[in-house]
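Please examine the model before turning to the solutions.

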Amino acid sequence: MKFTRTRTAQAIGTALIAVPLTLGGPTSLSHAQDASPSPSGTFGPGCSSLSKKTDTAKDKVVEAAAAYPELSQLVAATVRAKLGSTLDGKRDITVFAPDAQAFKKVAPSQLAALLKNQDQLKKVLTYHVVDQRISPAQLPNGSFTTLEGSKLTTSGSGTDFKVDGKASIVCGNIRAANATLYVIDTVLQPPA
């Protein structure tokens, strides 16, 4: 347990430094076409380049995300919004996790404003979380209620899926102890 907390603290510390530094951070997921033929395990064009530091299947969701350098900005934002214990305390959730490339698409001024407004940050982040495990079989024509309270939709087939028609799933069906993660290439915005 001590090792786990230390690793999480180190990853969060690194992530907190990385977010304000223009969100350059670690190299984002590659969009090369080397997806698995079937969404029964992890799938997507970015899975082969997703670098993880350890096996995440036994870790709670925030620690699992912290094991992937490409998700360091999401982890930092989660810590800043004080959502870590909330998400780790939930059972069977799904997180549509924006990668470093997703954060680069957000204008620096917009991102800075979002990171300073804890209520708005919490709203945006909880829009990326569904209070149920979503399997790949549910993605083709999915409609799910987020923790934020709005609907989020998924569409596609095979190993090519979109979230809200905007974000592509670059690596999906990553397991954590209490969650399934789908890494996406765009930060989603809840409906106005």
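Two exercises with worked solutions follow; the model is a predicted one.

**Exercise 1.** Determine how helix α6 and helix α7 are oriented towards each other, and describe their contact.

*Solution.* 
Step 1. Locate the helices: α6 covers residues 108–116 and α7 covers residues 118–126.
Step 2. Consider the axes, which come within 5 Å and cross at roughly 105 degrees.
Step 3. Apply the cut-off: angles of 65 to 115 degrees count as roughly perpendicular. The two helices α6 and α7 are therefore roughly perpendicular to each other.
Step 4. List the residues in contact: α6 contributes L114, L115 and K116, while α7 contributes Q118, Q120, L121 and V124.
Step 5. Classify these residues: 4 are nonpolar, 2 are polar and 1 is charged.

**Exercise 2.** Describe how strand β5 is paired with β4 and with β6, and state which residues lie on each of the faces of β5.

*Solution.* 
Step 1. Begin with β4 (residues 151–157), which runs antiparallel to β5 and is joined to β5 by 4 bridges. Within this pairing, F161 of β5 stands opposite G156.
Step 2. Examine the turn: β4 and β5 form a hairpin with 2 residues between them, and G158 in the turn has a positive phi of about 65 degrees.
Step 3. Proceed to β6 (residues 167–175), whose antiparallel pairing with β5 comprises 2 bridges. Here V163 has A167 as its bridge partner.
Step 4. Inspect the hairpin of β5 and β6: 3 residues lie between the strands, and D164 takes a positive phi near 55 degrees.
Step 5. Assign the faces of β5 (residues 160–163): F161 and V163 form the covered face, whereas D160 and K162 form the uncovered one.

How values were computed: Residues are numbered from 1 along each chain as its sequence is written. This is a predicted model: local features need pLDDT of at least 70, side-chain atom pairs count only at pLDDT 80 or more; totals for chains, interfaces and linings use all residues. Side-chain values use heavy atoms; hydrogens and water are left out. Axes are lines fitted to C-alpha atoms, for helices over the stretch in contact, and angles run from 0 to 180 degrees between N-to-C directions. Angles under 35 degrees count as roughly parallel, over 145 as roughly antiparallel, 65 to 115 as roughly perpendicular and the rest as oblique. Contact means heavy atoms within 4.5 Å. Ala, Val, Leu, Ile, Met, Phe, Trp, Tyr, Cys and Pro count as nonpolar, Asp, Glu, Lys and Arg as charged, and the others, Gly among them, as polar. Buried means under 20% relative accessible area, exposed over 50%, partly exposed in between (1.4 Å probe, protein chains only). Two strands pair if DSSP finds at least two bridges between them.
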